[in-house]
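Colleague: Could you walk me through this one, starting with the charged side chains and then moving on to strands and packing?

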Amino acid sequence: THSGLFASLGVNIVSLNCGNLNMAYQNPSLLNSMMDKSLVLNYVNYFAGINYGLAGYSHSIDSAGNFAAGLTYLNYGRFTEADASGNITGTFTASEYALSFIYSRVIDSLFSVGINFTPVFSHLENYNSFGFAFDIGGSYHSRSGLFSAGFVIRNAGLQLTSYAGEPRQKLPFEIQAGFSQKLSHAPFRFSLTLRHLEKFDLTYLYNDTVSSTSYLQSSEFLENLMRHAIIGVEIIPHKNFYVSAGYNYQRRRELQVASRISTVGFSWGFGINTSWLNIEFGRATYHLAGSSNHVSFIVKPALLFNRYRN
């Protein structure tokens, strides 16, 4: 699920090496010992009464590696039920849940690898479906701490049981890569993420049979290239506070309205960090019809209890 920081940076960030537990759900190799005994709570107020969120916890063991587990939920709300003639017969609900079991290990002082195993359950009226997915990732961070990079294979798995005996559906498989660079003498950090590296053409009318020669025109090439890119920037004047913004080109191209493009595809947010609590807020503009609000709390209960004990 998208945290406040992810939402503000354009959603997908696979390269930030820090103590934010939300990073592990984007790239499991980013789970590290700085996140030890962290509790994360995310909530997203989406469109049309849809809400989703995440609750997760992490624990590190020096000799074994880093572990985390969490539950993501998606609640579509309540719907009016009717028969084939249009007669109202009641109401029904729709929801989906995903468990996450994450493990990461440091290869050396610069490289880490990780895996996320995710069983997924979907409930739509009286139909159910079950499946599982794997995320496999690797990451690198420089000794200076200014540069980091990540690579992740997302949603490799399958649907085990389908709705009402329908054919099994494919999972949203995706390969992502990106990097983050912090300036050494200015309070800025820039991130670039490339999505769907497994296919080049991300336009709506995608055709697997299109010849590669059709990409020779520079305008078509640049259009497809930009659809892969998500750009984010953070202003970090102090370690306890940041302001962030992002730009998702594909979202802007697919959801814009010709009469008024406005800020579709742009996002922004801010965060407050303390030794035991991080608060994040992000707002992403998907369409003129509205925006989504993302709120995250990352708590270190052990530090909180010690604070009150002392």
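Charged pairs, strands and packing

Modeller: Arg253 is partly exposed, at a relative accessible area of 37%, where buried means under 20%, exposed over 50% and partly exposed in between (1.4 Å probe, protein chains only). Please keep in mind that this is a predicted model, in which local features need pLDDT of at least 70 and side-chain atom pairs count only at pLDDT 80 or more, while totals for chains, interfaces and linings use all residues. Residues are numbered from 1 along each chain as its sequence is written, and side-chain values use heavy atoms, with hydrogens and water left out.

Colleague: Fine, so which residue does Arg253 form a salt bridge with?

Modeller: The partner is Glu223, with 3.0 Å between the closest N and O atoms; a salt bridge here is a side-chain nitrogen of Lys or Arg within 4 Å of a carboxyl oxygen of Asp or Glu. Because Arg253 sits in helix α3 (residues 249-255) and Glu223 in helix α2, this pair ties together parts that are 30 residues apart in sequence. Helices (H or I, at least four residues) and strands (E, at least two) are DSSP runs, numbered from the N terminus.

Colleague: And what else is linked into that network of salt bridges?

Modeller: The network links Glu223, Arg227, Arg253 and Glu254. Within it, Glu223 also bridges to Arg227, the closest N and O atoms being 2.9 Å apart, and these two are 4 residues apart in helix α2 (residues 218-227), so about one helical turn separates them. Glu223 is buried at 17% relative accessible area, and Arg227 is buried as well, at 9%.

Colleague: How many salt bridges are there in the whole structure?

Modeller: The search finds 7. Another one of them joins Lys37 to Asp36, with the closest N and O atoms 3.3 Å apart; Lys37 is partly exposed at 32%, and Asp36 is partly exposed at 23%.

Colleague: Switching to strands, how do β3 and β4 run, and how many bridges join them?

Modeller: They run antiparallel and are joined by 16 bridges, two strands being paired if DSSP finds at least two bridges between them. β3 and β4 form a hairpin with 5 residues between them, and Gly86 in the turn has a positive phi of about 90°. Arg78 stands opposite Thr93 in β4. On the β5 side, β4 runs antiparallel to strand β5 (residues 111-124), with 11 bridges joining the two, and a hairpin connects them through 4 residues. Arg105 has Val113 in β5 as its bridge partner.

Colleague: What about aromatic pairs, how many turn up?

Modeller: There are 15 in the whole structure, counted when rings of Phe, Tyr and Trp (its six-membered ring) have centres within 6.5 Å, with planes under 30 degrees apart called stacked, over 60 edge-to-face and the rest tilted. Phe67 and Tyr103 make a tilted pair, at 5.1 Å centre to centre and 50° between the planes. Since Phe67 is in strand β3 (residues 65-82) and Tyr103 in strand β4 (residues 88-106), the pair ties together parts that are 36 residues apart in sequence. Phe67 is partly exposed at 33% relative accessibility, and Tyr103 is partly exposed at 27%. One aromatic cluster is formed by Phe111, Tyr140, Phe147 and Phe179.
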